[in-house]
Amino acid sequence: MSRPRLPTAPDASFGSLMAQVRALEGARLASAVPPDCLRPRPWRGLAGFATSYLLYAGALVAVAHAHWVLQLPLYLLAGLGGWGLHCIAHDCGHQSFSRSRRLNSVIGQLALLPLLYPFHAWRHVHNLHHLHTNHLELDTDWRPLSAEVHARLPRWERLLYSATRSWAFWAGTIRYWALSAFRPGFFPKREMRRDAWQSIVVVLVAGLVYLALLAHATGAWGLLRYFVCPWLAIHLWFSTTTLMHHVRGDLPFLPGTHWTPNASRLLLTVDYRYPRPLEFLTHYISLHTAHHVVPAVPFYHLPAAQAALKQAYPGLLREHRFSFAQLLHILRDCRFYDSRRGYYRSARRAGRDEPLAAAGEAVHAADATAAAPDDASRCTAR
C-alpha cells in the first residue's frame, strides 16, 4: 500500500518553498564557490586550534582564582573555548583542516578531548546529518516528532524529548553524545564501527588518565569545577548553535517525498550573524549554508564562500542577526512536527488543535520508531 504524502494540507508558504526546491533541481550549487575557498592553510587552522585551547585553559585557570561572582561568566568563556575547539574538529572531520588525513585525525581528537567525544564516532554521526539534513525520516540532528507519535512513546522518552526541546535544550547534544559516542553498533557500516572503536580507545585512555590526575590533585570538588562545569558549558554552546541552524517556525523538516539534496544544502539551514569577535572565536560556524553546500571549505574561507552563494542565489539564503528572541521563539513555538502544514506547532497548539487526518496519523504511527533520535543507524540503513 502506498504511503500518504505529508504534509496532508500544506499552506501557501509550503507551496512557495516547494517552488524553490523545484527551481534548484539539477543546479550545481558548489560551482558558485570560488576554488580558492577550498584550499586549506593548515597554519591558519593551527592558529585557530591554539586560540580556542588558550581560551578554554585560560578560563579554567581564572576559575581557580576568581571571586565566585565571576565563576559563571568564566565557565561561559571556557565553554566558548571548548566550542571553538569543536569547530576546529569539525573542519578536521570534513578533511578541510589539511590535506593530511592523519593530521586531521590527530588534531580532531585533541580538539574533542574536553568533551570526551571520540573523534571518529562524532565524525560519522555528523556525516549522516550532512547526507540527510532536515530529512524528516533520516536526519540525526534535532529531528521533530509529531504530537501524535510523541503521545505514544514511553513516559520517560516523552519527558526527555519535551525537556530537550524546551528548558533543557542545552542537554540536546549530551543526549546525542550518550547515544552515539561509545556505541560502535550505532553505525551501519563495518569501517565506521572500526574507526569508532579506535577513537573510543583513545578517549577512554586519555580521559581516565586526565580525570584521575585531576581528582588526585583537586578532589571531587575539583572534578566538578574543572571538568563537569566546563563540559556542560561547551554543550550549551553546542546545543544552542546546532538547534538554531536547523530549527525555526518557517524552516521545515521535509518528508522523503519532498526532500532533495540541493534543498537540504541551500534552503534548510539558517545562518546567524554574530558580533565579529564571536564569529572569530567560533570560527565562523554560524555561516552554515556555505558549509552545507561545500563541506570542504575551511572555516576561514566561509565568509567569502557565503558571499559568493548570496550573489549566485539572491534571496534564497536564510540569514539573521542572532538574538535571544530567536532562541526563545524556537523553544516556545517549535516543539512538534505539524503533519498538516509541514512546519512546527507548539505544545500549546498541539494540546488544542483538532486531531490529524487519519491518513497522516497512520503514517506517523508507522514512523514512530524511525523518528526516534537514538536509532539513526537503522533509519540510515534503509
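Predicted model: local features only at pLDDT ≥ 70, side-chain atom pairs only at ≥ 80, totals over all residues.
**Salt bridges**

Side chains of opposite charge can pair when their charged atoms come close. In this model, the count comes to 10 salt bridges. One of them joins Asp 195 to Arg 123. The closest N and O atoms of this pair lie 3.2 Å apart. The two residues come from distant parts of the chain, 72 residues apart. Asp 195 belongs to helix α9, residues 190–246. Arg 123 belongs to helix α5, residues 119–131. Buried means under 20% relative accessible area. Asp 195 has a relative accessibility of 13%, so Asp 195 counts as buried. Arg 123 has a relative accessibility of 10%, so Arg 123 is buried as well.

Asp 195 also forms a salt bridge with Arg 194. Here the closest N and O atoms are 3.6 Å apart. Arg 194 counts as partly exposed, because its relative accessibility is 47%. Shared partners join Arg 123, Arg 194 and Asp 195 into one network of salt bridges. Leaving aside residues up to four places away in sequence, Arg 123 touches Gly 93, Arg 101 and Asp 195.

Another salt bridge is formed by the side chains of Glu 148 and Arg 345, at 2.7 Å from N to O.

**Packing of helices α5 and α9**

Two packed helices are described by the angle between their axes and the distance between the axes. The axes of α5 and α9 come within 8 Å and cross at roughly 15°. Angles under 35 degrees count as roughly parallel, so α5 is roughly parallel to α9. The crossing of these two helices is right-handed.

The contact brings together several residues of each helix. From α5 come Phe 119, His 120, Ala 121, Trp 122, Arg 123, His 124, Leu 128 and His 129. From α9 come Met 192, Asp 195, Ala 196, Ser 199, Phe 238 and His 246. The residues of this contact divide into seven nonpolar, five polar and two charged. Arg 123 and Asp 195, the salt-bridge partners, both take part in the contact.

**Packing of helices α3 and α9**

Helix α3 covers residues 71–93. The axes of α3 and α9 come within 7 Å and cross at roughly 65°. This crossing, too, is right-handed. On the α3 side, the contact is made by Gln 71, Tyr 75, Leu 76, Ala 78, Gly 79, Leu 80, Gly 82, Trp 83 and His 86. On the α9 side, it is made by Arg 225, Cys 229, Pro 230, Ala 233, Ile 234, Leu 236, Trp 237, Phe 238 and Thr 241. The residues of the α3 contact with α9 divide into 12 nonpolar, five polar and one charged. Phe 238 of α9 meets α3, and Phe 238 is also listed in the contact with α5.

**Helix α7**

Helix α7 spans residues 155–164. Its buried residues are Glu 157, Tyr 161, Ser 162, Ala 163 and Thr 164. The buried residues of α7 pack against α6, α8 (172–180) and β3 (336–337).

**Two individual residues**

Ile 88 is located in helix α3. With a relative accessibility of 0%, Ile 88 counts as buried. Beyond residues up to four places away in sequence, Ile 88 touches Gly 45, Gly 48, Phe 49, Phe 97, Ile 107, His 283 and Phe 299. Ile 88 and Ala 111 are 23 residues apart in sequence. In space, their C-alpha atoms are 6.8 Å apart.

Asp 250 lies in the loop between α9 and α10 (261–266). Asp 250 counts as partly exposed, because its relative accessibility is 35%. Not counting residues up to four places away in sequence, Asp 250 touches Arg 318 and Tyr 343. Asp 250 and Pro 34 are 216 residues apart along the chain. Their C-alpha atoms are separated by 30 Å.

Technical notes:
Residues numbered from 1 in each chain as written. Heavy atoms only, no water. Salt bridge = Lys/Arg side-chain N within 4 Å of Asp/Glu carboxyl O. Helix = DSSP H or I, 4+ residues; strand = E, 2+ residues; numbered from the N terminus. Buried < 20%, exposed > 50% of the residue type's maximum accessible area, 1.4 Å probe, protein only. Contact = heavy atoms within 4.5 Å. Axes fitted to C-alpha atoms, helices over the stretch in contact; angles between N-to-C directions. Parallel < 35°, antiparallel > 145°, perpendicular 65-115°, else oblique. Left-handed = near helix turned anticlockwise from the far one by under 90°. Nonpolar A, V, L, I, M, F, W, Y, C, P; charged D, E, K, R; others polar.
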